[in-house]
Amino acid sequence: MWHLEHNSLLRKLVGWEIGLIGAWAAYKGLDGMNIFAGLLLGFWFTYNIQHVLVHLGAHFLCTTGGNQWLVVLMYTLFSGGFLYMFNGEAHKKLLALICPLIGGILVASATAY
């Protein structure tokens, strides 16, 4: 996807980063699923924000021709923020905001059907 060489420093850094997060989540056991959920939500959020910013003109965040280190830093920061929220009790506040929204969408969809 990024046409990185096999011995690229960026590729090794991302591999170590994901490996450490996976090992930490496995160590946490069942609470590690919250870590994976937060990380997945953080990746999804960052992916969408990245594409919006690229379409608005921030072409330095493009994965094909932009600054790859900056893209990795952005994914690390946003996903790390979501990881932090889902590690403790902060995810309950986030879920308290998201769940009624999803429920409202489902009720509206069922009513319209």
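Guide: A residue is called buried under 20% relative accessible area, exposed over 50%, and partly exposed in between, with a 1.4 Å probe and protein chains only. By that scale Asn 67 is partly exposed, because its relative accessible area is 38%. This is a predicted model, in which local features need pLDDT of at least 70 and side-chain atom pairs count only at pLDDT 80 or more, while totals for chains, interfaces and linings use all residues. Numbering starts from 1 along each chain as its sequence is written, and side-chain values use heavy atoms, without hydrogens and water.

Asn 67 lies in the loop between α2 and α3 (helices are DSSP runs of H or I with at least four residues, numbered from the N terminus). Setting aside residues up to four places away in sequence, Asn 67 touches Phe 60 and Cys 62 (contact means heavy atoms within 4.5 Å).

The axes of α2 and α3 are 8 Å apart, at an angle of about 140° (axes are lines fitted to C-alpha atoms, for helices over the stretch in contact, with angles from 0 to 180 degrees between N-to-C directions). The two helices are therefore oblique to each other (under 35 degrees is roughly parallel, over 145 roughly antiparallel, 65 to 115 roughly perpendicular, the rest oblique). On the α2 side the contact includes Ile 35, Leu 39, Phe 43, Phe 45 and Gln 50; on the α3 side it includes Val 71, Met 74, Tyr 75, Phe 78 and Phe 82. By class, the contact of α2 with α3 has 14 nonpolar, 7 polar and no charged residues (Ala, Val, Leu, Ile, Met, Phe, Trp, Tyr, Cys and Pro are nonpolar, Asp, Glu, Lys and Arg charged, the others, Gly among them, polar).

Now the rings. The whole structure contains 3 aromatic pairs (Phe, Tyr and Trp rings, the six-membered one for Trp, with centres within 6.5 Å; planes under 30 degrees apart are stacked, over 60 edge-to-face, the rest tilted). One of them joins Phe 43 and Tyr 75, tilted at 45° between the planes, with 6.2 Å from centre to centre. This pair links distant parts of the chain, with Phe 43 in α2 (residues 32-55) and Tyr 75 in α3 (residues 68-87), 32 residues apart. Phe 43 is partly exposed at a relative accessible area of 30%, whereas Tyr 75 is buried at 17%.

Another pair is that of Phe 45 and Phe 82, whose ring centres are 5.4 Å apart and whose planes stand at 50°, so this pair is tilted as well. Here too distant parts of the chain are linked: Phe 45 belongs to α2 and Phe 82 to α3, 37 residues apart. Phe 45 is partly exposed, at 31% relative accessible area, while Phe 82 counts as buried at 13%. Ring pairs also bring in Phe 78, giving a cluster of Phe 45, Phe 78 and Phe 82.

Gln 50, also in α2, is buried because its relative accessibility is 2%. Apart from neighbours within four places in sequence, Gln 50 is in contact with Leu 61, Cys 62, Thr 63, Val 71, Met 74 and Tyr 75.
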